[in-house]
There are 2 protein chains.
Amino acid sequence: MSIHMHREIDQLKVSLLELCGTVEEQLADAVRAVLDRDPNLADRVERRDEEIDRREIEIEESALKLLALYQPVALDLRFVIAFIKINNDLERIGDLAVNIARKARNLSQFEPLRLPVDIDAMWKNVKAMVRDSVDSLVQTNAELAEEVCRRDEIVDRQKRDCRVTIEKLLATQPEAVQPLLQYLAVSRNLERAADHATNIAEDVIYLVRGRIPRHQAAGNL
Amino acid sequence: MSIHMHREIDQLKVSLLELCGTVEEQLADAVRAVLDRDPNLADRVERRDEEIDRREIEIEESALKLLALYQPVALDLRFVIAFIKINNDLERIGDLAVNIARKARNLSQFEPLRLPVDIDAMWKNVKAMVRDSVDSLVQTNAELAEEVCRRDEIVDRQKRDCRVTIEKLLATQPEAVQPLLQYLAVSRNLERAADHATNIAEDVIYLVRGRIPRHQAAGNL
């Protein structure tokens, strides 16, 4: 019985890692759409979100079946519960990619701005955090999860720098307020994605160590 | 056995409603701190967040014990899983109250602005949505949940109006960029709280009806 259950758990892990890969692609495409001011790519990101939503539901239903059929206890039960919550977090990160894609579409309606903020660098950090947070669950690896939590600081700082730069530009180029606020929103959505990755990592740390490393307000805007 | 389990479920419902009440108080205090530019009230909101985090963990642990002890199936199992997810959403709404309190503290460092946006009106809608979404779970009331989803439109519109007003002010009063961006962030955090309430309501609709009414990107900024 236990062998069957663990085979099912392994299957769930594969599905979650696949969903994580799709969400990373969505974020990559959304950021590309912003940098290239590409409304067609933005549209593709929005349309693909429905697939993510559907797969989230499928994964949750499989997890519920596992709970009903095998009635796991102790650490196995905690793992499946953490898994369900993290599946939900991935779907919400997918939603943030759609938000970013919408900003890309809005930006394509304005003249290009020379913007001294590195959205691409911020995105690379966020992508790594999302991937590593889900890996930390699949491997039940608390050290990797703790590392993800530490990296949240870096993304917070990148967002702050972005905000400061944009505030200065708003003061000197008030006519560019609309596109500037779109870029600010992009950096904020990336920072929220990093916060979700941190939430995932904290769930893994609690699963393995039985305590929350920090429990502060996420997503300070 | 079933009587014992349903007694435990009733106890969990009471705890969740109490947590919901505390989160509403946090949001109320945070908004009050913004309107009054009161850093002391902002500090109290930040300190109280630890209590919310602790209670979220206690509620989840009780739910896990229920799962292990009574091994519910079918609708009872789905209810407990929905309950765990919604408990988590409430804790994140509490985090948004802390975000708002931080904006209040920042605002207290600037001269007061005459701001033609009605933060209080937005807050009242959000508070009702949060309360009704948790009530809809406790009552497993899909009609109430559907009503909460419809009200999300109103809050989205209030946030858009706020953004448009602030964009105009940024263009005409660029020297006020810092406090103006703080107010924008407050409206955005309130809109995110409304999105969490909508997520809760959607979980209830799925629980009762077996389908998601809409599955769009939440929290469009």
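**Loops, interface and side-chain pairs**

Modeller: Thr140(B) sits in the loop between helix H4 (119–138) and helix H5 (142–172) of chain B. Helices here are DSSP runs of H or I with at least four residues, and strands are runs of E with at least two, numbered from the N terminus.

Biologist: What is the phi of Thr140(B)?

Modeller: Near 35°, a positive value in a residue other than glycine. Most residues other than glycine have a negative phi. Thr140(B) is partly exposed, at 40% relative accessibility. Buried means under 20% relative accessible area, exposed means over 50%, and partly exposed is in between (1.4 Å probe, protein chains only).

Biologist: And Gln71(B), what is its phi?

Modeller: Gln71(B) has a positive phi of about 45°, and it is not a glycine. Its place is the loop between H2 and H3 of chain B. Gln71(B) is partly exposed, with 29% relative accessible area.

Biologist: Before we go on, what are the ground rules?

Modeller: This is a predicted model, where local features need pLDDT of at least 70 and side-chain atom pairs count only at pLDDT 80 or more, while totals for chains, interfaces and linings use all residues. Residues are numbered from 1 along each chain as its sequence is written, chains are lettered from A and ligands numbered from 1 in the order in which they are written, and side-chain values use heavy atoms, with hydrogens and water left out.

Biologist: Interface next. How many residues of chain A are in contact with chain B?

Modeller: 48 residues of chain A are in contact with 48 residues of chain B. Contact means heavy atoms within 4.5 Å.

Biologist: How much area do chain A and chain B bury between them?

Modeller: About 4400 Å², with 53% of it on carbon and sulfur atoms. Buried area is the accessible area (1.4 Å probe) that two parts lose on being put together, summed over both.

Biologist: How many salt bridges between chain A and chain B?

Modeller: Six. The rule is a side-chain nitrogen of Lys or Arg within 4 Å of a carboxyl oxygen of Asp or Glu. Asp89(A) forms a salt bridge with Arg92(B), and their closest N and O atoms are 2.9 Å apart.

Biologist: Which helices of chain A supply the side that touches chain B?

Modeller: Helix H2 (39–70), helix H3 (74–107), helix H5 (142–172) and helix H6 (177–209) of chain A each supply at least two residues. H3(A) gives the most, with 14 residues. The residues on that side of chain A divide into 21 nonpolar, eleven polar and 16 charged. Ala, Val, Leu, Ile, Met, Phe, Trp, Tyr, Cys and Pro count as nonpolar, Asp, Glu, Lys and Arg as charged, and the others, Gly among them, as polar.

Biologist: Switching to rings. How many aromatic pairs over all chains?

Modeller: Two. Rings of Phe, Tyr and Trp (its six-membered ring) pair if their centres lie within 6.5 Å; planes under 30 degrees apart count as stacked, over 60 as edge-to-face and the rest as tilted. Phe79(A) and Phe83(A) form a tilted pair, 6.1 Å centre to centre with 40° between the planes. They are four residues apart in helix H3 of chain A, so about one helical turn separates them. Both Phe79(A) and Phe83(A) are buried.

Biologist: What about Phe79(B) and Phe83(B)?

Modeller: Their ring centres are 6.1 Å apart and the planes are at 35°, so that pair is tilted. Phe79(B) is buried at 9% relative accessible area, and Phe83(B) is buried at 1%.

Biologist: Back to charges. How many salt bridges over all chains?

Modeller: The count is 40. One of them joins Arg48(B) and Glu25(B), with the closest N and O atoms 2.6 Å apart. Arg48(B) lies in helix H2 (residues 39–70) of chain B and Glu25(B) in helix H1 (residues 2–36), so the pair ties together parts that are 23 residues apart in sequence.

Biologist: Which other residue does Arg48(B) meet in a salt bridge?

Modeller: Glu51(B), at 3.3 Å from N to O. Arg48(B) and Glu51(B) are three residues apart in helix H2 of chain B, about one helical turn. Glu51(B) is partly exposed, at 24% relative accessible area.

Biologist: Which residues of chain A are joined into one network?

Modeller: Glu25(A), Arg48(A), Glu51(A) and Arg55(A), through salt bridges that share partners.
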